[in-house]
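Please look over the sequence and the structure shown below before you read on.

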Amino acid sequence: MIELRAAGRLAGTVQATISPSDRGLVAEIAWVVGVPWQRRGIAGEAAGALADWLRTKPVAEIIAHVHPAHTASNAVARAAGLAPTDERHDGEVLWTARAAG
């Protein structure tokens, strides 16, 4: 959950689904921020914190799938340290980063 402590409210969620692959453990991350709290950098900060935490775990790669026309989500993926690839799934671009794990 993404909590806005000063406001005493929940603003959204971040999540990681960790799965085995031939490259080792892969963490697929996703984020959702409620409309009233968008455009404040909250998703980027939360996704970045999640990615940083995952880099302390035995995870080989962090990925996200983002629609190419969704400018805000592309910025969130970049803030989490991911980079776009040429790979697409269901019209979404695969973003990826190596993890320290």
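The largest pocket holds about 310 Å³ of space. A pocket here is an open set of points on a 1 Å grid over the protein atoms alone, where a 1.4 Å probe fits and where protein lies on both sides within 12 Å along at least five of seven lines, and a lining residue has an atom within 4 Å of a point. Its volume is the space filled by probe spheres set on the points, which are joined across faces, edges and corners. There are 15 lining residues, and those closest to the centre of the pocket are Gln38, Arg39, Ala43, Ala72 and Val76. Strand E3 (24-33), helix H1 (42-54) and helix H2 (71-79) are the elements that give two or more residues to this lining; such helices (H or I, at least four residues) and strands (E, at least two) are DSSP runs numbered from the N terminus. Sorted by class, the lining of the largest pocket has eight nonpolar, five polar and two charged residues, where nonpolar covers Ala, Val, Leu, Ile, Met, Phe, Trp, Tyr, Cys and Pro, charged covers Asp, Glu, Lys and Arg, and polar covers the others, Gly among them.

Before going further, note that this is a predicted model, in which local features need pLDDT of at least 70 and side-chain atom pairs count only at pLDDT 80 or more, while totals for chains, interfaces and linings use all residues. Residues are numbered from 1 along each chain as its sequence is written, and side-chain values use heavy atoms, with hydrogens and water left out.

The second largest pocket has about 200 Å³ of space, and its lining consists of Met1, Ile2, Glu3, Leu4, Arg5, Ile42, Glu45, Ala46 and Ala49. Which element gives the most to this lining? H1 does, with four residues, and both strand E1 (2-4) and H1 supply at least two. The classes in the lining of the second largest pocket are six nonpolar, no polar and three charged residues.

We can now turn to the interior. In soluble globular proteins, nonpolar side chains tend to be buried together. The largest nonpolar core has 27 residues, of which Ile29, Trp31, Leu54, Ile62 and Leu82 touch the most other members. Such a core is a set of buried Ala, Val, Leu, Ile, Met, Phe, Trp, Tyr and Cys residues joined through side-chain atoms within 4.5 Å, and buried means under 20% relative accessible area, with exposed over 50% and partly exposed in between (1.4 Å probe, protein chains only). At least two residues of this core come from each of E1, E3, H1, strand E4 (61-66), H2 and strand E6 (92-98), and H1 gives the most, with seven residues. Leaving out residues up to four places away in sequence, Trp31 touches Thr13, Val14, Ala43, Ala47, Ala64, Val66, Ser73, Val76 and Ala77, a contact being heavy atoms within 4.5 Å.

Ser73, Asn74, Val76 and Ala77 are buried in H2. They lie on the same side of H2 because they cover an arc of only 160 degrees around the axis, the arc being that of the directions from the helix axis to the C-beta atoms. On the other side of H2, Thr71 and Arg78 are exposed. The buried residues of H2 are covered by elements that include E3, H1, E4 and E6. As one example, Asn74 counts as buried because its relative accessibility is 15%, and, apart from neighbours within four places in sequence, Asn74 is in contact with Val66, His67, Pro68 and Trp95.

The backbone deserves a look as well. Most residues other than glycine have a negative phi, and most peptide bonds are trans. Arg39, although not a glycine, has a positive phi of about 70 degrees; Arg39 is placed in the loop between E3 and H1, and counts as exposed because its relative accessibility is 87%. Asp90 is not a glycine either, and has a positive phi of about 50 degrees. The loop between strand E5 (83-89) and E6 is where Asp90 is found, and at 84% relative accessibility Asp90 counts as exposed.

Finally, consider Val14 in strand E2 (residues 9-21), which counts as partly exposed at 23% relative accessibility. Apart from neighbours within four places in sequence, Val14 is in contact with Ile2, Ala30, Trp31, Ala46, Ala47 and Leu50.
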